[in-house]
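Good morning, and thank you for making time on the agenda. I would like to take you through one structure, beginning with a detail of the backbone and then widening the view.

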Amino acid sequence: MTVAMIVLLFASGFLSGAVNAIAGGGTFLTFGALTLAGLPPISANATSSVTQFPGYVTSTLAYRKELSEMKRSAIVLGLVSAVGAIGGSLFLISLSNPAFRSMVPWLLLGATAIFAAGPKLRPKTKGESHPASPLGLALQGITSFYGGFFGAGMGIMMLASLGLASGGDYHRLNALKNFLSIVIAAVAIVVFASAGALSWLHAAIMIPAVAAGGYAGVAMARKVPQNLLRWLVVAAGLGLAAYYFFTG
């Protein structure tokens, strides 16, 4: 592995951790960098799940105050997320690399569309969380399946599903999103490691960078206007989908 490739992996890891902490979608950066490093699509995706894990942990710790106020919802949503992630990760390892690669741009388009529609899907609240609705739990299960399967854009989808599942303002939803990302990634890592789909060398380079980026991203999220943040993520999602369409 060249020095330039190591730098690319580290930089993409930091940026990915920051983007995921803010709104989601940063997994594309690690997935894309690992693909450039020569890993086949399924191995790149599985390894990307490992690299994201510490970023989810550090960004969740930065939101510990918000999480302490909604422990019951976090537990219920965590159980739903674990079940969905098991199904998604098992589905991934059952596919061939070409079959998985052909799905990537469509998955990104779907995730971006859901995120863009997020404000219209959320119930009218004054910022308080509420008991999880059946529809919200179902959407979180679907999102978790997707997260175990691919992961790029998972945070985009989750902010929308959590708006229905628990309500609350952006930072409460973001805190839940980061916590549930830990659950989904942990389940996926166990499945992928058992299947021998991980490249631990590439993961070791990216993990410290993702962890630092995840913590830094929360500070950025508290300062950036939410509407601006939303449309920047939508633009990024569309751009990434176009990239995969034209390079497929």
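Predicted model: local features only at pLDDT ≥ 70, side-chain atom pairs only at ≥ 80, totals over all residues.

Which residue with a positive phi follows α8? The residue is G151, and its phi lies near 105°.

Let me remain with helix α8 for a moment. It covers residues 134-149, 16 residues in number. From first C-alpha to last, α8 reaches 23 Å, close to the 22 Å expected at 1.5 Å a residue. Several residues of α8 are buried, among them G136, Q140, G141 and T143. Towards the end of the helix, Y146, G147, G148 and F149 are buried as well.

Is α10 largely enclosed or largely open? It is largely enclosed by the rest of the structure, because 20 of its 25 residues are buried. After α10 comes G196, with a positive phi near 70°.

Now to the chain as a whole. Its secondary structure comes to 12 helices and 0 strands. Of the 248 residues in the protein chain, 55% count as buried. Consider next the contacts between residues at least 6 apart in sequence: 83% of them join residues at least 24 apart. The accessible surface of the chain comes to about 10,400 Å², and carbon and sulfur atoms account for 74% of that.

I turn to individual residues, starting with T47. This threonine is placed in helix α3, residues 41-62. Why is T47 classed as buried? Its relative accessibility is 0%, and buried means under 20%, so T47 falls in that class. The side chain of T47 reaches the backbone oxygen of S43 at 2.8 Å. In general terms, an α-helix has 3.6 residues a turn, so residues three or four places apart point the same way. Beyond its neighbours within four places in sequence, T47 is in contact with L34 and L39, and also with A197, L198, S199, H202 and A203.

L29, by contrast, is partly exposed, because its relative accessibility is 29%. It lies in helix α2, residues 27-36. Which residues does L29 touch, not counting those up to four places away in sequence? They are S12, L15 and S16. L29 and G13 are 16 residues apart in sequence, and their C-alpha atoms are 7.2 Å apart in space.

My last topic is the surface. A nonpolar patch is formed there by W106, L109, L238, F245 and F246, with about 590 Å² of accessible area together. Which helices each supply at least two residues of this patch? They are α6, residues 97-116, and α12, residues 226-247. The largest share, 3 residues, comes from α12. Since its relative accessibility is 46%, L238 counts as partly exposed.

To close, I would ask you to keep two places in view. One is T47, buried at 0% relative accessibility. Thank you; I would welcome your comments.

Conventions. Residues numbered from 1 in each chain as written. Heavy atoms only, no water. Helix = DSSP H or I, 4+ residues; strand = E, 2+ residues; numbered from the N terminus. Buried < 20%, exposed > 50% of the residue type's maximum accessible area, 1.4 Å probe, protein only. Polar contact = N/O pair within 3.5 Å; in protein donor to acceptor, adjacent residues only side chain to side chain. Contact = heavy atoms within 4.5 Å. Patch = residues over 30% accessible without salt bridge, like charges linked within 9 Å, V, L, I, M, F, W, Y side chains within 5 Å. Areas by Shrake-Rupley, 256 points an atom, 1.4 Å probe, with all protein chains shown as cover. Salt bridge = Lys/Arg side-chain N within 4 Å of Asp/Glu carboxyl O. Expected span 1.5 Å × (residues − 1).
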